[in-house]
Amino acid sequence: MTGDPAEVVGRWLAEHRRTARVPRPAGDPRVYMVAGGDMVAVFDSAEEADIMAVTMTAANLEPVTLPLTEAQWEKALAVLRSQLPHVTVTDARSTRAAGAS
């Protein structure tokens with residue numbers, strides 16, 4: 001299956017927001033997903049996500065950055081794995097011990 005990871009997550013997120021209007025819990029921190037080509041990376045810092053987006057742009061990709069809650073990211077990751085299993089996903093959050101998934 002081919003497709004753009006940002007498009008897949010964006011569609012899921014748009015549908016999720018239409019069907020689940022639940023306020024974000026104060027304790028649910030943001031993560032920043034950067035998708036470009038067949039690679040997705042997630043960061044806990046907007047600045048780190050910006051650096052990755054610039055790097056992807058320099059590699060002639062057109063990256064998309066999406067801010068998500070951690071809960072949204074976990075669900076989006078499951079959607080990515082089911083719809084685009086060939087995509088490389090890197091978890092670059094400092095709160096995670098393992099980097100690649």
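This is a predicted model: local features need pLDDT of at least 70, side-chain atom pairs count only at pLDDT 80 or more; totals for chains, interfaces and linings use all residues.

Trainee: In which sense do strand 2 and strand 4 pair, and over how many bridges?

Mentor: Strand 2, residues 39–43, pairs with strand 4 in the parallel sense, over four bridges. Two examples can be followed in the structure: Ala41 stands opposite Thr90 of strand 4, and Val42 has Asp91, also in strand 4, as its bridge partner.

Trainee: In what order do the strands lie in the sheet?

Mentor: Once the pairs are known, the order of the strands can be read across the sheet: four strands form an open sheet in the order 3-1-2-4, with mixed pairing. The edge strands are strand 3 (64–69) and strand 4 (88–91), each of which pairs on one side only. Neighbouring strands in this sheet are turned against each other by 20° on average, with direction ignored.

Trainee: Which strands does helix 2 touch where it packs on the sheet, and what angle does its direction make with that of strand 1?

Mentor: Helix 2 touches strand 1 (30–36), strand 2 and strand 3, and its direction makes about 5° with that of strand 1. Helix 3, residues 70–83, also packs on the sheet, where it touches strand 1, strand 2, strand 3 and strand 4, and its direction makes about 125° with that of strand 3. Strand 2 is mostly covered, since four of its five residues are buried.

Trainee: Which residues of helix 2 are buried, and where do they lie around the axis?

Mentor: The buried residues of helix 2 are Ala49, Ala53 and Met56. They cover an arc of only 65° around the axis, and therefore lie on the same side of helix 2. The cover over these buried residues includes strand 1, strand 2 and strand 3, whereas the face turned away from the buried side carries the exposed residues Glu47, Ile51, Val54 and Ala58. Just after the helix, Asn60 takes a positive phi of about 65°.

Trainee: How does the length of helix 2 compare with what its 13 residues should span?

Mentor: At 1.5 Å a residue, the 13 residues of helix 2 should span 18 Å, and the end C-alpha atoms are 18 Å apart, which agrees. Helix 3 can be read in the same way: its 14 residues reach 20 Å from first C-alpha to last, close to the 20 Å expected. The buried residues of helix 3 are Gln72, Trp73, Ala76, Leu77, Val79 and Leu80. They cover an arc of only 165° around the axis, which puts them on the same side of helix 3.

Trainee: Why does Met56 count as buried?

Mentor: Met56 counts as buried because its relative accessibility is 4%, and buried means under 20%. This residue is in helix 2 (residues 46–58), and, residues up to four places away in sequence not being counted, Met56 touches Val34, Ala35, Gly36, Met39, Leu61 and Pro63. The C-alpha atoms of Met56 and Ala35 are separated by 8.7 Å, although the two residues are 21 apart along the chain.

Trainee: Is Thr65 buried or partly exposed?

Mentor: Thr65, which is found in strand 3, has a relative accessibility of 32% and therefore counts as partly exposed. Its contacts, leaving aside neighbours within four places in sequence, are Met33, Val34, Ala49 and Ala53.

Trainee: How many helices and strands are there in the chain, and what share of its residues is buried?

Mentor: The chain has three helices and four strands, and from the N terminus on its elements run α-β-β-α-β-α-β. Buried residues make up 34% of its 101 residues.

Technical notes
Residues are numbered from 1 along each chain as its sequence is written. Side-chain values use heavy atoms; hydrogens and water are left out. Buried means under 20% relative accessible area, exposed over 50%, partly exposed in between (1.4 Å probe, protein chains only). Contact means heavy atoms within 4.5 Å. Two strands pair if DSSP finds at least two bridges between them. Axes are lines fitted to C-alpha atoms, for helices over the stretch in contact, and angles run from 0 to 180 degrees between N-to-C directions. The expected span of a helix is 1.5 Å times one less than its number of residues. The arc is that of the directions from the helix axis to the C-beta atoms.
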